[in-house]
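Please open the structure in your viewer and keep the selection panel at hand.

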Amino acid sequence: MEVDAPGREHRYGRAVFLGTVAAGLSSLFWGRSAWSRVSGELGSVEAYVPLVPLGGWRIYTVSGSMPHFDPATWRLAVGGQVEEPTSFTYAQLRKLPRVEQVSTFHCVTGWTVKHVRWGGVRVADVLERSRPLPDAGALEFVSMEQPYVDYLTTDQAALKDVMLAYEMDGKPLPREHGAPLRLIIPEMYGYKNVKWLAGINLVPSEQLGYWEQLGYDQDAWVGHSNGYGSTPSLPASNSTRGVFTR
Amino acid sequence: MSGLYVTRFSRTERTLHWVNAAGFFVLLGSGLVLYLPSLAIAIGRRPLIKDIHFWAGIGWIAALVLVVLLGDRRGLLRTARELDRFDRDDRLWLTGGGRAPQGRFNAGQKLNASLNAAFAILFLASGLLLWLGERDTRFRFASTVVLHDGLMYVSLILLVGHLYLALIHPATRHALRGMTVGAVDAEWAHAHHRKWTPPE
């Protein structure tokens, strides 16, 4: 009777408190893999009941309002170090050779959306008419959302699954995902995948983009930048120039 | 009901509860605008909402600390001790469907208090890591958003249960009076918290 007499008290309150704090803090090291395992198991349920909003996407913007796409006035301007600055209407862009790919989208804050089906055009096909000059070493991607801008070296922009997407999962790119056109570079974190594109400028070398000015890495390789992993595993040089020139 | 009222919660306890609740609702509202794409699209102004969420979080914790420091600390310490300790009746209450006699807090309320205290610390820690990680990659963990969002989901479940018991469930909703004006009906207190001896 001594063991569990009515008066005997256990300090479960602090145990629950301390245990919860410890489990929560340690989850910083295992939470993501545990969640991806759980959501993998629940994949079949997810088709009927969305467990997280919008299939895992989050919508990040840096300005007060989201850019609005007007097909009548929107243009994609291609300029900078090119022989002939040009611009595309939405209809003209849709007439360029269409490519499709399925790739995974990684956000630097830790969330990931797998198997996104993008439809659009290759960067090279957009640049072709403008004929980039040989000393252009980087591309500046200008967003309608000011002051958002980011850069890729010409080498990075020539990676085989880099594209300018105007479709997502079989539908025109939704406004919150950057309508009408966004950059897709699956090897790099989302902040490089500039939304609401308005222009591409060829420049001598990379400058600091919006987030890079706030301390993010210039080369945003997934798993190898911004404090994750170690050194870049992919070629991050801008030594070879003129990838897009002929 | 006897018409005779006994004091269940002191002014410090009630202030702590309502400061916590107010902060939680501001954070939940602003957090959902940041989290749910449909709200993010409808409302926009993300930089402003981010600032509101961040400063509401800081304000929430600071206000809780202030209430503790300026309030009846000795009373709160006694309350913490009550919440900490589980006797055999508490274990019976948890395992036997809530039938064993209880003190001022029943075992479910004790667990809820411990979880809420732990969640406040975890919300603060993960929120600060999100804020710092945006400024310095040394503070960046791939799982910070999972923790912060997970806490939100579990908190929502606890909140829905709490609101049901406090506002709707006929047997328990009288307790709301204790948290608003401080006093509850003596008969109700005797029925639900038999081992509690209210202060004279």
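The stops below go from the whole model to single residues.

**The whole model.** This is a predicted model. It scores ipTM 0.93 and pTM 0.85. For chain B the mean pLDDT is 94, and 99% of the residues of chain B reach 70 or more.

**The domains of chain A.** Select residues 1–51 of chain A, which form domain 1, and then residues 54–214, which form domain 2. The C-alpha centres of these two domains of chain A are 41 Å apart.

**Where the chains meet.** Display both chains together. How many residues of chain A are in contact with chain B? The contact involves 41 residues of chain A and 38 residues of chain B. On the side of chain A that touches chain B, 18 residues are nonpolar, 15 are polar and eight are charged.

**The largest nonpolar core.** Next, select A:Leu139, A:Leu164, A:Ala165 and A:Leu197; within the largest nonpolar core, which has 46 residues, these touch the most other members. Among the elements of chain A that give two or more residues to this core are strand 1 (76–80), strand 4 (112–121), helix 4 (123–127) and strand 10 (197–203). Strand 7 of chain A gives the most, with five residues. Now centre the view on A:Ala165. Leaving aside residues up to four places away in sequence, A:Ala165 touches A:Trp118, A:Gly119, A:Gly120, A:Leu173, A:Arg182 and A:Ile184.

**A second core.** Select A:Trp35, B:Ala117, B:Leu122 and B:Leu151, which are included in a second, separate core of 18 residues.

**Helix 3 of chain B.** Select residues 46–70 of chain B, the 25 residues of helix 3. At 1.5 Å a residue, this helix should span 36 Å; the C-alpha atoms at its ends are 35 Å apart, which agrees. Which residues of helix 3 of chain B are buried? They are B:Ile49, B:His53, B:Ala56, B:Gly57, B:Trp60 and B:Val67.

**The last stop.** Finally, select B:Ile168 in helix 7 (residues 144–168) of chain B. Is B:Ile168 buried or exposed? B:Ile168 is exposed, because 9 other C-beta atoms lie within 10 Å, and a residue counts as exposed with 12 or fewer. Select B:Leu76 as well: B:Ile168 and B:Leu76 are separated by 92 residues in sequence and by 28 Å in space, C-alpha to C-alpha.

Key
Residues are numbered from 1 along each chain as its sequence is written. Chains are lettered from A and ligands numbered from 1 in the order in which they are written. This is a predicted model: local features need pLDDT of at least 70, side-chain atom pairs count only at pLDDT 80 or more; totals for chains, interfaces and linings use all residues. Helices (H or I, at least four residues) and strands (E, at least two) are DSSP runs, numbered from the N terminus. The expected span of a helix is 1.5 Å times one less than its number of residues. A residue is buried if 20 or more other C-beta atoms lie within 10 Å of its own, exposed if 12 or fewer, and partly exposed in between; C-beta atoms are placed from the backbone. Domain bounds come from an automatic or database domain assignment. Two residues are in contact if their C-beta atoms, placed from the backbone, lie within 7 Å. Ala, Val, Leu, Ile, Met, Phe, Trp, Tyr, Cys and Pro count as nonpolar, Asp, Glu, Lys and Arg as charged, and the others, Gly among them, as polar. A nonpolar core is a set of buried Ala, Val, Leu, Ile, Met, Phe, Trp, Tyr and Cys residues joined through C-beta atoms within 7 Å. pLDDT is the predictor's confidence in each residue, from 0 to 100.
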